[in-house]
Amino acid sequence: MQIGRYKLKNNLVVAPMAGVTDRPFRMLCKRMGAGMAVSEMVASNSLLYGSEKTKRRANHEGEVDPISVQIVGADPAMLAQAARYNVDHGAQIIDINMGCPAKKICNVMAGSALMQNEKLVAEILEAVVGAVDVPVTLKIRTGWDKANRNAVNIARIAQSSGIQALAIHGRTRACAYTGDAEYDTIRAVKAEVNIPIIANGDITTPEKARFVLQHTGADAVMIGRAAQGRPWLFREIEHFLQTGTHLLAPHVGEIQDVLIAHMHDLYDFYGEHTGLRVARKHISWYTKGLPGSAVFRHRMNQLESVDEQMQAVTEFFEEQKTGSERLLYEGEMAA
C-alpha cells in the first residue's frame, strides 16, 4: 500500500474519529499493527489555530510515519490554508473530510454535505492539492442518501484533481451509522479509478476484513469503532490475512499493561484533569464484555483521581486473571 512517497507496512488503516484518534491512540494502534492512523479532524477555520485543542491535535511528537492529518471545512481557500498550516506542523499526508455525517458539520456544508456539490468538491480538491507538496487523500461516503449515491463521480473528480488515495465509508450521509454498510459502491469505484481505494464501514473481525478486501478489490481497509478498546485488532487481522489462522486471545496481563500505558499517555498528553476524563471512555471500551465489567464501569465514572483510576483498573485485571490467563469475554467458553 503506497500513498504518494509513503509505503505503508500493511493495508490496515485507523479511521479518523473525533474525540478518539488523538496522538496516544494513533501511536498505540500503530504499535499494535496498523499501517497508518489518520488524526481526528482539525477545523480549517484559521481562528481556531490558537486554541489549546487545535494545538494538541497538531502535536505529532514521537509519532511513527506517515503522519496523516484530516482537515474539515467548506471553503477552498481556507482548506488550502489549513493544509499548509498542518504541513508546517509536521503533517506528511493531508486528508480531506467529506465523510462526516454529524449535523453540526453538515449544517455548515462541510463533511459529507459537500458530496451534494460536485463543482465545489473539485474546487476544494484542486485548491488543497495545489497548496502543499505532500500527498492529499480524501474520505467520502457512498453519497448523500440512497437515491443520490455519487461516489463514482466524486472518485473521478478526486483522481483528476491529484488525490493520492480515497477512503470510502459504505454508507450514505443519510444512513449515518445505522443499518449495514454496503460494499458494492466501493467495488464500483475501485473498477473506475486507478488511485488506491480504502474500504471502511463495519469491519469488525479478521474474516470481515478479508471479505471486504476480496469483495471490493480495495487496496486497504479502514477500521474505526471496532478498534475502540481493542487496538490489537490490527495485528489479529494482519495475521489472519497472511496465514488464514487466528491468533490466540491476548493474555490478560498484556492488555492490562497496554491499558495502563495508554492511561499514562493520556494523562501526559491532556494533563491529569482532562486525561482522567478521556481515559474513562477508553477504560469502558477495553473492559466491555469482560466478567464483572458493568459494575466496574459504573464505579469508574465516580473516581476523581488518577491514582484511584489506576488502582481500580489494576484490581479489575488482577481479578480477570483468576478466571482465565487470556482475555475471555462473557459468553465465550474457556479453552
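How many aromatic pairs does the rule give? I took the rule first: rings of Phe, Tyr and Trp (its six-membered ring) pair if their centres lie within 6.5 Å, with planes under 30 degrees apart counted as stacked, over 60 as edge-to-face and the rest as tilted. The count comes to five aromatic pairs.

**Ground rules.** I am working with a predicted model, where local features need pLDDT of at least 70, side-chain atom pairs count only at pLDDT 80 or more, and totals for chains, interfaces and linings use all residues. Residues are numbered from 1 along each chain as its sequence is written, and side-chain values use heavy atoms, with hydrogens and water left out.

**Entry: Tyr-183 and Phe-211.** Why is the pair of Tyr-183 and Phe-211 edge-to-face? The planes stand at 75° with the ring centres 6.3 Å apart, so the pair gets that label. I then placed both partners, using helices (H or I, at least four residues) and strands (E, at least two) as DSSP runs numbered from the N terminus. Tyr-183 sits in the loop between β9 (165-169) and α7 (184-192), while Phe-211 belongs to helix α8 (residues 206-216), so the pair ties together parts that are 28 residues apart in sequence.

Next I checked accessibility (buried is under 20% relative accessible area, exposed over 50%, partly exposed in between; 1.4 Å probe, protein chains only). Tyr-183 is buried at 7%, whereas Phe-211 is partly exposed at 40%.

Entry: I found Phe-316 buried at 8% relative accessibility and Phe-317 buried at 1%.

**Entry: a charge over a ring.** I looked for NZ of Lys or CZ of Arg within 6 Å of a ring centre and within 35 degrees of the ring normal. The charged end of Arg-141 sits over the ring of Tyr-177, 5.0 Å from the ring's centre.

Entry: Cys-100 is in the loop between β7 (93-98) and α4 (103-106), and is buried at 13% relative accessibility.

**Entry: Gly-19.** I found Gly-19 in the loop between β3 (12-14) and α1 (23-31), partly exposed at 26%. Leaving aside neighbours within four places in sequence, Gly-19 is in contact with Glu-40 and Lys-281, contact being heavy atoms within 4.5 Å.
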